[in-house]
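Have the structure open as you read.

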Amino acid sequence: MSGLFRRHFLILPAAALLFLFVMLPYVNVLVMSLRAPSDSTPYGEGFSAGGYVKLFSDPYYFEALGQTLWLGVLTAFVCFLLGLPIALHISQASRRWRGLLYGIVLSPLLVGIVVRSYGWTILLGNTGVINATLRNLGLIERPLPLMYNSFGIVVALAHVFLPFMVLPVLGALQGLDPAVGSAARSLGASRFTVFRRITLPLAMPGIQSGAILVFVLAVSSYVTPALVGGMRVKTMTVMVVDALIDQFQWPFGSALALSLAVSAGVIVLVFARLTRMKWK
Amino acid sequence: MTEVSILSLVKRYGTALAVNDVTLKVNHGEFVSLLGPSGCGKSTTLKCIAGFETVSDGRILFDGHDISNREPEDRDIGMVFQSYALFPHMTVAGNLAFGLEMRRVARDEINRRVADVMELVQLSQYAGRYPRELSGGQQQRVALARALVIEPAILLLDEPLANLDAKLRDEMRTFIRDLQKRVGITTLYVTHDQGEAMTMSDRVVVMFDGRIAQAAAPEDVYDRPASEAVARFVGNANILTGTVEAGADGAPGLRFGSEGTLLRLPAALPAGTAPGRGLRVMARPEQVRLTAPGAGDATGTVVSHYFNGGFIDYRVRVGADEIMVHAPTADRFADGAAVGLAFDAGRLWPLEGAA
Ligand SMILES: Nc1ncnc2c1ncn2[C@@H]1O[C@H](COP(=O)(O)OP(=O)(O)OP(=O)(O)O)[C@@H](O)[C@H]1O
Ligand SMILES: [Mg+2]
């Protein structure tokens with residue numbers, strides 16, 4: 001017993017924190033999601049599964065759940081497409097450039113998320129910079145639908161979360177022996193084959209964790225979908241806030257929040273399973 | 001079987017010269033070692049041959065064809081890296097098959113050749129393992145097998161044994177040399193271990209500061225080094241400095257040390273050596289014998305001695321010089337004892353250049 005304690009005591013503070021501020025609140029949310037609804041107070045007497053029934057029987061909510069998860073997948077994929085070349089480039093850059101490029105990649109994180117999302121509304125709005133410019137150039141007559149739709153949300157989310165893809169991929173690439181690529185060349189592989197057969201598979205651990213990070217962050221983000229999606233596209237997080245704060249329905253809001261967390265968790269598990277690497 | 005000619009190769013990094021005008025021909029099936037201290041340009045030379053670095057000047061020919069501008073994948077080389085550079089995400093069999101897949105060899109033949117080469121390097125039972133599940137020596141053999149299985153025209157090895165322990169290194173030396181002889185492949189082997197270069201090579205190329213200092217058979221490099229730097233880098237060397245004098249019988253001798261001992265010199269002396277001129281002569285520690293005081297060519301005092309298994313390494317002070325003697329354990333002298341030193345006149349090697 002004392003041996004067990006000695007081996008694990010270093011994680012005790014973190015475990016206590018997690019228990020107090022993550023596990024207990026989750027249990028609280030679970031209990032709350034099963035409370036009976038009420039019109040006058042946040043929740044009523046007794047228990048009921050009404051919140052879950054409403055979520056899964058009303059297509060409005062159910063589709064929003066699907067839509068939110070889909071936006072998360074899309075954002076992760078866009079970050080992968082954009083982030084991989086960036087990470088490859090930085091990993092091959094000289095020491096002098098590397099610092100600068102790191103800075104550029106991290107820069108979106110230095111600006112507050114509200115400011116950044118407003119920035120995108122200025123760019124993407126119907127009278128925003130992009131539409132105004134195109135109209136002034138005579139290229140379009142009606143504004144392009146850049147905002148208040150999934151497109152705008154994914155663009156803005158990918159911008160914010162790109163560093164969370166680039167950094168783990170970069171970590172994986174920088175851990176590689178550069179001679180591995182040379183060895184493949186000497187065995188007859190072209191540059192592109194080296195990328196396909198060597199670099200990409202070896203970057204996979206980074207891609208995997210980056211994708212999971214971006215997906216989880218995107219699915220649980222609130223400010224960006226709220227500002228860029230407006231009233232038209234409502235993600236689960238926006239609905240949770242609606243239910244909790246505007247409609248004062250704590251049991252239903254909790255049911256929405258918990259369903260999102262569980263389904264996102266399932267997707268992460270399935271993804272991790274599918275991309276499992278035997279050689280690690 | 002391919003002949004490699006390196007003609008006036010120069011490689012610059014910025015303004016720094018990593019390889020400075022190297023010319024070298026490696027014959028069909030020859031095993032040549034590039035030997036030199038760290039940073040002398042051995043790896044850079046190899047990388048230029050492999051095509052991982054572009055040459056700044058000069059040309060590299062394989063069988064008379066200039067390949068200086070060919071991509072590495074079109075050079076038909078097998079390369080073994082110091083870090084092994086195995087593909088961590090592929091099994092042993094996957095690593096070995098890679099080069100054959102690139103050559104679009106049919107699947108059955110790939111399987112057959114991979115099985116053969118695994119047999120050759122005694123790794124058959126590890127076919128399904130990933131590199132991280134192998135010991136250093138096993139990884140080293142996979143790296144070697146991966147380079148050999150494609151039957152390349154030229155085999156390039158960059159310090160492949162540097163990460164192994166002494167015992168395994170000895171085994172692998174013999175293993176690589178035997179394999180190279182059996183397969184008959186033209187081989188360039190980079191090392192900074194002079195013992196390794198000696199035991200394995202047909203020819204040793206000693207490099208300093210990006211230049212070739214000497215390219216010759218191992219015995220020649222050891223017994224007849226081209227310069228004092230080569231003499232000192234390859235094995236241990238006593239350098240005796242003195243003046244040339246005619247001995248009593250008229251044969252040339254070297255007057256050296258504060259006692260003014262006259263040493264007999266071999267008959268063949270470098271051009272320009274005349275009585276009265278300064279000269280440096282090399283004597284290897286094992287070419288010096290300890291005798292009773294007064295019996296040898298010179299007398300001295302034992303400064304220190306270290307037992308090293310089969311031999312004892314003495315340091316003997318003669319005047320201002322300290323002479324290293326590598327003596328059989330049968331001769332025992334205590335520190336501080338007066339001893340005589342007998343030089344092997346036939347094997348003293350006069351070095352080029354004035355003293
Ligand atoms: N990419 C590079 N950029 C700048 N200088 C380099 C580069 N690669 C090598 N050099 C320099 O070129 C010289 C020769 O390097 P090289 O790697 O060929 O040495 P080496 O003989 O293989 O040494 P070692 O035994 O330590 O491996 C060194 O001074 C090194 O600092
Ligand atoms: Mg090197």
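About 800 Å² is buried between domain 1 and domain 2 of chain B, and carbon and sulfur atoms give 50% of that area. Within the share that domain 1 of chain B buries against domain 2 of chain B, B:Tyr222, B:Asp223 and B:Glu228 supply 55%, more than any other three residues. Keep in mind that this is a predicted model.

To place those two domains: the assignment for chain B puts domain 1 at 4-233 and domain 2 at 238-351. Their centres, taken over C-alpha atoms, are separated by 39 Å. Where domain 1 and domain 2 of chain B touch, nine residues of domain 1 are in contact with nine residues of domain 2. The count of salt bridges between these two domains is two.

**Charged pairs**

A word of background first: side chains of opposite charge can pair when their charged atoms come close. Over all chains, the count here comes to 25 salt bridges.

| Pair | N to O distance |
|---|---|
| B:Glu228 and B:Arg280 | 2.3 Å |
| B:Glu101 and A:Arg197 | 2.9 Å |
| B:Arg232 and B:Glu228 | 2.9 Å |
| B:Arg255 and B:Glu245 | 2.9 Å |

What does B:Glu228 pair with at 2.3 Å? The partner is B:Arg280, with that distance taken between the closest N and O atoms. B:Glu228 also meets B:Arg232 in a salt bridge. B:Arg232 and B:Glu228 both sit in helix H8 (residues 228-233) of chain B, four residues apart, or about one turn of the helix. How covered are they? B:Glu228 has a relative accessible area of 22%, so it is partly exposed. B:Arg232, at 47% relative accessibility, counts as partly exposed.

Which pair joins the two chains? That is B:Glu101 with A:Arg197, whose side chains meet in a salt bridge. B:Glu101 belongs to helix H2 (residues 92-102) of chain B and A:Arg197 to helix H10 (residues 191-219) of chain A, so the contact runs from one chain to the other. B:Glu101 is partly exposed, at 22% relative accessibility, and A:Arg197 is partly exposed too, with a relative accessible area of 23%. There is also a network of salt bridges that links A:Arg185 and A:Arg191 with B:Glu71 and B:Glu73.

**Chain A**

Now over to chain A, which has 13 helices and zero strands. Its C-alpha atoms fill a box of roughly 75 × 75 × 30 Å along the principal axes. Chain A has 280 residues, and 40% of them count as buried. If you take the contacts in chain A between residues at least 6 apart in sequence, 69% join residues at least 24 apart. The accessible surface of chain A comes to about 15800 Å², with 70% of it belonging to carbon and sulfur atoms.

One helix to pick out is H12 (residues 236-246) of chain A, whose buried residues are A:Met236, A:Thr237, A:Val238, A:Met239, A:Val240, A:Asp242 and A:Ala243. What do they pack against? The buried residues of H12 of chain A pack against helix H3 (50-57), helix H4 (59-92), H10, helix H11 (223-229) and helix H13 (250-274) of chain A. Just after H12 of chain A, A:Phe248 takes a positive phi of about 60°.

Last stop, the surface. A nonpolar patch of about 910 Å² is made by A:Leu17, A:Leu18, A:Phe19, A:Leu20, A:Phe21, A:Val22, A:Met23, A:Leu24 and A:Tyr26. Of these residues, A:Met23 lies in helix H2 (residues 12-33) of chain A. A:Met23 has 46% relative accessibility, so it counts as partly exposed.

Technical notes. Residues are numbered from 1 along each chain as its sequence is written. Chains are lettered from A and ligands numbered from 1 in the order in which they are written. This is a predicted model: local features need pLDDT of at least 70, side-chain atom pairs count only at pLDDT 80 or more; totals for chains, interfaces and linings use all residues. Side-chain values use heavy atoms; hydrogens and water are left out. Patches are made of residues with over 30% relative accessible area and no salt bridge: like charges are joined within 9 Å, nonpolar side chains (Val, Leu, Ile, Met, Phe, Trp, Tyr) within 5 Å. Accessible areas come from the Shrake-Rupley method with a 1.4 Å probe; for residues, only the protein chains shown count as cover. A salt bridge is a side-chain nitrogen of Lys or Arg within 4 Å of a carboxyl oxygen of Asp or Glu. Buried means under 20% relative accessible area, exposed over 50%, partly exposed in between (1.4 Å probe, protein chains only). Domain bounds come from an automatic or database domain assignment. Contact means heavy atoms within 4.5 Å. Buried area is the accessible area (1.4 Å probe) that two parts lose on being put together, summed over both.
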